[in-house]
Structure formats: structure tokens, C-alpha cells
Amino acid sequence: ALTAGIVGLPNVGKSTLFNAITQAGAEAANYPFATIDPNVGIVEVPDERLNKLTELVKPKKTVPTAFEFTDIAGIVKGASKGEGLGNQFLSHIRQVDAICQVVRCFEDENITHVSGKVDPIDDIEIINLELILADLESVNKRFQRVEKLARQKDKEALAEYEILNKVKEGLENDQPVRALEFTEEQEKIVKGLHLLTSKPTLYVANVSEEEVADSDSNENVQRVKEYAANENAEVIVVCARIEEEIAELEPEEKEEFLEDLGISESGLDQLIKASYNLLGLATYFTAGEQEVRAWTFRQGIKAPQAAGIIHTDFERGFIRAETVSYDALVDAGNMATARERGQVRLEGKEYIVQDGDVIHFRFNV
Ligand code: GDP
């Protein structure tokens, strides 16, 4: 399963946020892929559509889809110089598919900041610099392997050589690879380099309890937003301490609590949704009387592969995907009416599954 790694300097609120994640935790029984790694937290993906489908179909059981966060502790200045812990940190980042960088935007005299003052841009740059330095090292190593072949006019090597030059120039100017522009062909090669700064990234601005309802008045948050806009990254505002409290509440209590605070959606729920999008994930549904269920797929896959997410037999014996879009089904009110209206399509092997599709797979056993 794809996973988003949570990183940040010490004392910015990572553990607090990760606690909230594990406490909100999904019921492991529903998710066979669930690992028992203490650094991995599994959350259910909040999705209004699942509630609506449950109302329509009235199944015996409703199962949301789930998503993994990985807690990556231990970034320190100098990580890229390969001091023990630093090295470990970088290898953990290498294994995640997206990065959620927590930055401290709350002031609190009782909680020391590693640099002595709260300055989120400084914090972001400390971490980004370590990742950039690590990437430069990877790029230089790669150069050594490609250079000779490029001199012999090897076509693939030449293409990579050109990209390496561009990447290196960017990195030397403090630009993460994700902020550079490439053609589609080049993107494939860039992906193969597995660079840390090419991973999709979002920033999590951790604000105080007092500011969470009106975070725009927090100057630090504004600065993080400006910084992120420059590299097309998203910013999610949370108060990690409050999320920790919310995670312990029952659903109805949670709604009341949020209302009292004056926020419409918890920061954690926003973070889950944003991370899910960042990873290029989307959701389709199955809706039967026994069970209404949400399933995660990678955008762009075809119907048989999507069937394989439920069971490998579904993929092997795939015949057709009876498909109706969520909107059409809700508009029709039930499956029979949607069918009368001709909105239930019989899709074949080449169909590219869309977010919100409600699917019934037909297959040979
Ligand atoms: P980590 O080192 O990044 O994992 O940081 P922790 O989660 O351990 O948090 C460091 C300290 O900051 C702890 O004392 C937390 O209670 C406190 N803290 C975390 N989030 C918030 C917050 O949103 N508001 C306030 N006031 N304190 C927080």
C-alpha cells in the first residue's frame, strides 16, 4: 500500500499528530494489509459519499477504505552528512510515497524550539536542505555511471545526462526536484532516479488551540502558505493537541466538538484527504445488501486491475464491470431506476475506472 511519511524537526508536534492518527485508528480486522509496525498508523478515509450510499442501500455493514501514515522520527541538521541517525532518517524517507512535513506555527514558552525561536520557514528550509544535499549526492553518483555512456553517444544515457544536469542545477539553486518542469518522457526518467525531493509534499501547519478556528490571523501560517504556493504544494492547518482529543471521541461527539470550536472539518480529516489526493489515489464503491464498501485505487488503472483489489480471482476471471457513477445513482435514488434510465453501463477490460464509480464486477470462477 502507498504511504505518506510524517516528518518534521523535533518538538513541532509530530508525535502528537501521530498519536491522533493511531487513536483514530481503523479497525485492523477490515484491512488485511495492515502492518503491525508501530511507526505505521492506519486511518479510515472520511468520505461523505459512503454515508449517502449506506442510506440508499441500507446494507448490513459499511466499510470505509483505509490509508497509511508512517511516522519518520529523527531529522537533524546534518542528516545528509551520513551521521548514523541521519542516514536512517533518509532511508526511511526513501521508502514513503509522499511527504507530510509538520511545521511549528504555535508559540509556547514552555516548549523549546531547536533553533531557539519559532520560524516555520527556517524549519522547512533546514529539512529541505538536508533532502537536497542527499539528492545531490545521488545525482553525482548517477553522473559517474552515465557520463561514459553518454560520451559514447548512447541514446538513453544522453537523455538521462541532460536530465541530471537540469536536476543538479535546480538542486544547487535550492530547488526541490518536484518544483522543476519536465516533459512526460523525462518525468519517467526522473521517477527512476528515486530522488527525495521529487516526492509529492504537503505542509502541515501546527497552530495553537486558540488559533485553530481563525488560522489566517497567524502570521506564521501565512508565511508557510506563501512558501508552499511557490512550489505548488498544499498547506493543511491543524492543532495537533486538539486532534489528539478529537481522536478519542465518538462520531456524534466529534461533530459537536468541532462545531463548538468553529471548524467544519477536523484537521486530521483534511490531512487524510489531501494526502490521499497527493498520492494519486481515488475511491470506487461496491454496494450490495450485505456490504457497502469503499475501495482505494491508483488513478488511471483499468477495470480488471480494480477488480483485483477486491480479490485476485475477480481480476483473473474478469468479464464485465457493471458501473454507475455515484452522482447518477444518488440522483436516481436506487439501482433499478438508474438501470431504467440507462445509466448503468457494462464496461469491459479497457475501461479506466473513475473516482466515485459504483461497480458490480462480473467474473468467471
Ligand atoms: P515532536 O518532537 O515533533 O514529535 O513533538 P511532540 O508531538 O512531542 O510535541 C512537542 C511538544 O509540543 C509537546 O509538549 C506537545 O504537547 C506540544 N504540542 C504539540 N502540538 C501542540 C499544539 O498544537 N499546541 C500546543 N500548545 N502544544 C503542542
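**Reading the model**

Author: The centres of domain 2 and domain 3, taken over C-alpha atoms, are separated by 40 Å. This is a predicted model, in which local features need pLDDT of at least 70 and side-chain atom pairs count only at pLDDT 80 or more, while totals for chains, interfaces and linings use all residues. Residues are numbered from 1 along each chain as its sequence is written.

Reader: Into which domains is the protein divided?

Author: Domain bounds come from an automatic or database domain assignment. Here they are domain 1 (3-46 + 63-114 + 200-278), domain 2 (127-197) and domain 3 (300-363).

Reader: Which residues are the closest to the ligand?

Author: A residue is near a molecule if its C-beta atom, placed from the backbone, lies within 6 Å of it. The ligand is surrounded by 17 residues, of which Gly-13, Lys-14, Ser-15, Thr-16 and Ala-240 are the closest. Two or more residues of this shell come from each of helix H1 (14-23) and helix H8 (240-246); helices (H or I, at least four residues) and strands (E, at least two) are DSSP runs, numbered from the N terminus. H1 gives the most, with 3 residues.

Reader: At what angle do helix H4 and H7 pack?

Author: Axes are lines fitted to C-alpha atoms, for helices over the stretch in contact, and angles run from 0 to 180 degrees between N-to-C directions. Helix H4 (residues 120-151) packs against H7 at about 40°, and their axes are 9 Å apart. H4 is therefore oblique to H7, since angles under 35 degrees count as roughly parallel, over 145 as roughly antiparallel, 65 to 115 as roughly perpendicular and the rest as oblique.

Reader: Is His-194 buried or exposed?

Author: A residue is buried if 20 or more other C-beta atoms, placed from the backbone, lie within 10 Å of its own, exposed if 12 or fewer, and partly exposed in between. His-194 counts as exposed because it has 11 C-beta neighbours inside 10 Å. Its place is in the loop between helix H6 (184-192) and strand S6 (201-206).

Reader: What is the phi of His-194?

Author: Most residues other than glycine have a negative phi. The phi of His-194 is positive, near 50°.
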